[in-house]
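Let's take a walk through this structure together, one region at a time. Keep the view open as you read.

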Amino acid sequence: MTEHKFPQLKNDRILRAARGEPVDRVPVWVMRQAGRYLPEFQEVRARHDFFTVCQTSALASQVTLQPILRFDLDASIIFSDILVIPQAMGLKVEMVAGIGPVLPQPLINPSDLARLVRPNVEEALKYVGDAITLTRHKLDGKVPLIGFSGAPWTLMGYMIQGGGSSTMAKARSWLYKYPEDSHKLLQMITDVIVDYLIMQVKAGAQLLQVFESNGDYLDDTLFTNYSFKYLKQISKRVREQLKKENIPEVPMIVFPKGATMKSLEILAKDQSYEVIGLDWTIDPAEARKCLGPNVTLQGNMDPCAMYSSQDEIVDRAQKMVVKFGKDRYIANLGHGILPDTPIPSMQAFIKGVHTA
């Protein structure tokens with residue numbers, strides 16, 4: 001924003017690719033690129049609790065910049081967590097070593113919706129905005145900065161399950177037992193997400209990604225009713241509000257992990273999002289054929305392929321780019337980078353994309 005007087009952007013490849021404009025080479029970034037696989041991140045975490053890093057703008061910015069200082073990436077993504085929204089809505093979230101996120105008082109039945117609050121996002125999540133603004137300045141225009149949020153269904157899953165789950169049975173059972181209350185909860189979460197993403201753009205985010213990380217627990221009917229309905233609303237309302245406030249629109253990415261091809265087609269046809277992220281199970285050629293020419297695709301190498309030899313990773317990345325084609329494409333992994341991924345693997349992956 002003009003009042004922030006950010007440095008001029010030097011590398012806009014990812015923004016051009018998102019909008020379907022020509023690029024000199026395919027842009028690349030990696031989900032969870034600021035994280036546990038980096039020794040410098042582990043040093044920060046040895047001194048600070050996970051959510052302390054998220055909630056301290058200087059630390060969040062420091063961690064966000066770590067992969068940019070080390071690798072030839074085309075985008076940065078602010079270090080935060082999708083569960084800051086349930087926190088802001090009144091639920092306690094703890095990061096437990098060896099387990100991951102735990103919500104000790106999850107939503108058990110619809111009466112628990114009364115425990116949730118509609119936060120003033122600019123106050124409750126100000127630390128994310130502050131980290132974004134600080135990072136934009138520190139990036140000095142080197143690459144764009146991505147802001148993000150979890151999607152409503154994904155956040156609903158954590159809020160009901162009390163953490164991660166291999167079945168999401170409690171959350172999915174709500175969709176059948178309490179359909180009206182499920183929609184009520186999803187709408188409450190959606191309202192907060194909209195405010196949150198707008199705040200991130202005002203703070204300096206140049207691209208937004210919405211993580212539907214639990215898309216694989218929904219069939220096409222459930223996806224349409226309980227995921228797509230709210231993903232579409234988020235995009236529409238964010239764009240409308242930015243326009244109303246005379247703030248330039250930013251491209252938006254949706255990553256529906258595990259969604260079926262039919263569900264992906266619903267998203268592509270609607271064109272609510274400029275970019276659709278694909279997980280590693282999707283064949284690039286089939287995705288291009290089914291999703292059409294009017295959407296940019298992002299993805300999708302298997303994160304476990306990063307344990308191959310460096311030569312094999314370069315070769316895989318090059319072949320991936322060829323399969324997707326260089327137009328309307330952003331290279332990435334098909335899910336977040338794994339904690340014990342070797343550093344040279346990341347270098348090989350980027351080299352493969354940039355030399356394809």
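How many nonpolar, polar and charged residues are in the lining of the largest pocket? By class, the lining has 25 nonpolar, 12 polar and six charged residues; here Ala, Val, Leu, Ile, Met, Phe, Trp, Tyr, Cys and Pro count as nonpolar, Asp, Glu, Lys and Arg as charged, and the others, Gly among them, as polar. Before going on, please note that this is a predicted model, in which local features need pLDDT of at least 70 and side-chain atom pairs count only at pLDDT 80 or more, while totals for chains, interfaces and linings use all residues. Residues are numbered from 1 along each chain as its sequence is written, and side-chain values use heavy atoms, with hydrogens and water left out.

The largest pocket holds about 1300 Å³ of space. Of the 43 residues lining this pocket, Arg32, Arg36, Asp81, Pro101 and Tyr158 are the closest to its centre. Helix H2 (39-47), strand S2 (94-96) and strand S3 (100-102) are the elements that give two or more residues to the lining, and H2 provides the largest share, three residues. Helices (H or I, at least four residues) and strands (E, at least two) are DSSP runs, numbered from the N terminus. A pocket is an open set of points on a 1 Å grid over the protein atoms alone, where a 1.4 Å probe fits, with protein on both sides within 12 Å along at least five of seven lines; lining residues have an atom within 4 Å of a point. The volume is the space filled by probe spheres set on the points, which are joined across faces, edges and corners.

Now turn to the open sheet, where seven strands run in the order S1-S4-S5-S6-S7-S8-S9 with parallel pairing (two strands pair if DSSP finds at least two bridges between them). Strands S1 (76-77) and S9 (329-333) stand at the edges with a single partner strand each, so one side of each has no neighbour in the sheet. S9 pairs with strand S8 (residues 296-301) over five bridges, and Ile330 in S9 is the bridge partner of Gln298. Five of the five residues of S9 are buried (under 20% relative accessible area, with a 1.4 Å probe and protein chains only), so S9 is largely enclosed by the rest of the structure.

Finally, look at Ser213, in the loop between strand S5 (207-212) and helix H11 (220-244). Ser213 is buried, with a relative accessible area of 17%. Leaving aside neighbours within four places in sequence, Ser213 is in contact (heavy atoms within 4.5 Å) with Thr154, Phe255 and Lys257.

Key:
Buried means under 20% relative accessible area, exposed over 50%, partly exposed in between (1.4 Å probe, protein chains only).
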